[in-house]
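Here is a quick walk through one model, going from strand pairing to the sheet, the core and the ligand site. Have the structure open as you read.

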Amino acid sequence: METEHAPILSMEKLTMSYSGTPVLKGVNLEVESGQVIGYIGPNGAGKSTTVRILLGLQQGYGGTARLFGENIKTSGIAYKRRIGYVPETAEVYDMLTAREYLVFTGGCYGLDAVKAEKKGQQLMNQFGLANVFDTRLSSFSKGMRQKVLIIASLLHNPDLLFFDEPLSGLDANSVLVFKEILAKLAETGKTVFYSSHIMDVVEKISDRIVLLYDGQIAADGSFEELNAQNKEGSLEDLFNQLTGFHQHAQIAEDFVSLVEEV
Ligand SMILES: Nc1ncnc2c1ncn2[C@@H]1O[C@H](COP(=O)(O)OP(=O)(O)OP(=O)(O)O)[C@@H](O)[C@H]1O
């Protein structure tokens with residue numbers, strides 16, 4: 001049972017290895033309802049793996065993951081109706097039109113077809129995609145697909161949102177709109193677990209930033225708290241510092257030297 005004060009999301013000693021190589025080495029995290037968590041870390045750190053575990057899409061992990069107070073290993077799948085997810089790389093059903101896709105995904109989350117269609121159309125209109133509601137997704141640009149995925153993740157009004165690099169392909173105006181949407185969703189009490197490499201956006205939208213490094217949580221706090229501890233400027237600087245990365249200029253120089261060798 002979900003208890004009144006239980007965190008909406010928690011991980012206890014979460015571990016995961018692929019072919020014997022450890023990726024998560026004991027991740028502990030508790031998230032309160034209504035927080036926007038910026039989940040960051042270097043390429044290959046295990047961010048998507050964490051999200052897949054929490055969504056019940058990844059088997060073979062150790063430790064305990066709880067959503068809405070319940071262990072996801074034993075709670076059945078009902079909790080999934082309260083979750084929205086935009087994956088890092090999504091397979092959309094290319095031959096479907098946006099209308100068909102949204103009705104289908106709405107149905108997967110328990111929404112009836114008429115409602116999913118109406119809401120899908122309204123949200124497509126908001127994103128400036130009214131004229132392609134009946135166009136096949138195969139002809140959509142990357143950014144247009146991304147918008148459809150964002151809409152699909154929100155159709156059923158979930159309480160907990162997982163966004164894995166959701167801005168991928170979105171133009172600058174759409175990014176502005178999306179940032180506002182996130183802020184409004186958080187205002188209405190939604191919890192957002194936001195994983196991205198776009199540091200200025202993470203810095204702006206997150207109440208709390210969690211850095212995954214070497215299989216564990218290496219930093220956890222608001223941007224101001226992390227900044228005060230580390231005395232760096234932007235989140236990008238902080239990221240470089242916390243992950244011990246200072247060789248960008250040397251790597252770039254070596255890289256271009258190699259390119260120039262013929
Ligand atoms: N299905 C899989 N089989 C084998 N190895 C995997 C699999 N999925 C992920 N990995 C490995 O686990 C590690 C973590 O991958 P993951 O995608 O979780 O990282 P990430 O932090 O999301 O990275 P990025 O920022 O590049 O998206 C990587 O070394 C990756 O190669």
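Two strands count as paired here if DSSP finds at least two bridges between them. Keep in mind that this is a predicted model. By that rule, β4 and strand β5 (residues 70–71) pair in the antiparallel sense, over two bridges. Leu 67 stands opposite Glu 70 in β5. Together, β4 and β5 make a hairpin with two residues between them, and Phe 68 in the turn has a positive phi of about 55 degrees.

On to β4's other pairing: strand β1 (residues 9–18) and β4 (residues 62–67) are antiparallel over five bridges. Within that pair, Ser 10 has Arg 66 as its bridge partner in β4.

| Strand pair | Sense | Bridges |
|---|---|---|
| β4 and β5 | antiparallel | two bridges |
| β1 and β4 | antiparallel | five bridges |
| β7 and β8 | parallel | five bridges |

**The core**

Val 192 turns up again in the largest nonpolar core, which has 58 residues. Leu 14, Ile 37, Leu 102, Phe 162, Val 192, Phe 193 and Tyr 194 touch the most other members. Helix α4 (residues 142–154) supplies the largest share of this core, six residues. In general, nonpolar side chains in soluble globular proteins tend to be buried together. Leaving aside residues up to four places away in sequence, Leu 14 touches Leu 24, Gly 26, Val 27, Ile 53, Tyr 61, Gly 63 and Ala 65.

**Around the ligand**

What surrounds the ligand? The residues are Tyr 18, Val 23, Gly 41, Asn 43, Gly 44, Ala 45, Gly 46, Lys 47, Ser 48, Thr 49 and Glu 88. Helix α1 (residues 47–54) gives the most to this shell, with three residues. Sorted by class, the shell has three nonpolar, six polar and two charged residues.

Note on methods:
Residues are numbered from 1 along each chain as its sequence is written. This is a predicted model: local features need pLDDT of at least 70, side-chain atom pairs count only at pLDDT 80 or more; totals for chains, interfaces and linings use all residues. A nonpolar core is a set of buried Ala, Val, Leu, Ile, Met, Phe, Trp, Tyr and Cys residues joined through C-beta atoms within 7 Å. A residue is buried if 20 or more other C-beta atoms lie within 10 Å of its own, exposed if 12 or fewer, and partly exposed in between; C-beta atoms are placed from the backbone. Helices (H or I, at least four residues) and strands (E, at least two) are DSSP runs, numbered from the N terminus. Two residues are in contact if their C-beta atoms, placed from the backbone, lie within 7 Å. A residue is near a molecule or strand if its C-beta atom, placed from the backbone, lies within 6 Å of it. Ala, Val, Leu, Ile, Met, Phe, Trp, Tyr, Cys and Pro count as nonpolar, Asp, Glu, Lys and Arg as charged, and the others, Gly among them, as polar.
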